[in-house]
Amino acid sequence: MSTERRRAQVGDVVVLRKAHPCGSDRWEVLRIGADFRLRCQGCGRLVMLPRSKVERRIRKIESAADQEEDREVR
Ligand SMILES: [Zn+2]
C-alpha cells in the first residue's frame, strides 16, 4: 500500500518533518497554489511555504474526509 504519494488537499492536516518553533509539526492546509498556506495546529500561526518545499517535507497526511487511508500508527 503506498499512501505516501497522496496529495494534500485543502482541509487536510499534514504532518511535516519540520516542526514549528512552538513544538507542533501538524499543519492545516488552507490554500494550495504555487505556495501552500498553512495554519499551525499548535499556535494558530499562518505561514506560506513554496509548494515544492512542503511536498518534500510531508510525512503524513491526515485527511478530514477519509480517515481510513491514513492509518500509520507508530
Ligand atoms: Zn506553531
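I began with the contacts of Leu38. Leaving out residues up to four places away in sequence, Leu38 touches Trp27, Glu28, Val29, Leu30, Val47 and Leu49. I count two residues as in contact if their C-beta atoms, placed from the backbone, lie within 7 Å.

Before going on, I noted the ground rules. This is a predicted model, in which local features need pLDDT of at least 70, side-chain atom pairs count only at pLDDT 80 or more, and totals for chains, interfaces and linings use all residues. Residues are numbered from 1 along each chain as its sequence is written.

**Leu38, continued**

I placed Leu38 in strand β3. Helices (H or I, at least four residues) and strands (E, at least two) are DSSP runs, numbered from the N terminus. Is Leu38 buried or exposed? Leu38 counts as buried because 24 C-beta neighbours lie inside 10 Å. The cut-offs: buried means 20 or more other C-beta atoms within 10 Å of a residue's own, exposed means 12 or fewer, and partly exposed is in between, with C-beta atoms placed from the backbone. I also checked the separation from Gly11. Leu38 and Gly11 are 27 residues apart in sequence, and their C-alpha atoms are 9.9 Å apart in space.

**Chain overview**

Next I listed the elements. The chain has 1 helix and 5 strands. From the N terminus they run β-β-β-β-α-β. Of the 74 residues, 11% count as buried. I then looked at sequence range. Among contacts between residues at least 6 apart in sequence, 28% join residues at least 24 apart.

**The sheet**

In what order do the strands stand in the sheet? I read β4-β3-β2-β1-β5, an open sheet of 5 strands with antiparallel pairing. Two strands pair if DSSP finds at least two bridges between them. β4 (46-50) and β5 (58-62) stand at the edges with a single partner strand each, so one side of each has no neighbour in the sheet. Neighbouring strands are turned by 35° against each other on average, direction ignored. For that angle, axes are lines fitted to C-alpha atoms, for helices over the stretch in contact, and angles run from 0 to 180 degrees between N-to-C directions.

I went through the pairs in turn.

- β1 (residues 13-16) and β5 pair antiparallel over 4 bridges. Val14 has Ile61 of β5 as its bridge partner.
- β1 and β2 (residues 26-32) pair antiparallel over 3 bridges. Here Val15 has Arg26 of β2 as its bridge partner.
- β2 and β3 run antiparallel and are joined by 5 bridges. Trp27 stands opposite Cys40 in β3. A hairpin of 2 residues joins β2 to β3.
- β3 and β4 run antiparallel, also with 5 bridges. Leu38 stands opposite Val47 in β4. This hairpin has 5 residues between its strands, and Gly44 in the turn has a positive phi of about 85°.

**The core**

Which residues make up the largest nonpolar core? I found 7: Ala8, Val14, Trp27, Val29, Phe36, Leu38 and Val54. Such a core is a set of buried Ala, Val, Leu, Ile, Met, Phe, Trp, Tyr and Cys residues joined through C-beta atoms within 7 Å. β2 and β3 (35-40) each supply at least two residues of this core.

Neighbours within four places in sequence aside, Trp27 is in contact with Val13, Val14, Leu16, Leu38, Arg39, Cys40 and Gln41.

**Two loop residues**

I looked up Gln41 next. Gln41 lies in the loop between β3 and β4. Gln41 is partly exposed because 17 other C-beta atoms lie within 10 Å. Gln41 and Arg26 are 15 residues apart in sequence and 5.6 Å apart in space, C-alpha to C-alpha. Not counting residues up to four places away in sequence, Gln41 touches Val13, Ser24, Arg26, Trp27 and Glu28.

Where does Asp25 sit? I found Asp25 in the loop between β1 and β2. With 18 C-beta neighbours inside 10 Å, Asp25 counts as partly exposed. Asp25 and Val14 are 11 residues apart in sequence and 8.2 Å apart in space, C-alpha to C-alpha. Beyond its neighbours within four places in sequence, Asp25 is in contact with Val15, Leu16 and Ala19.
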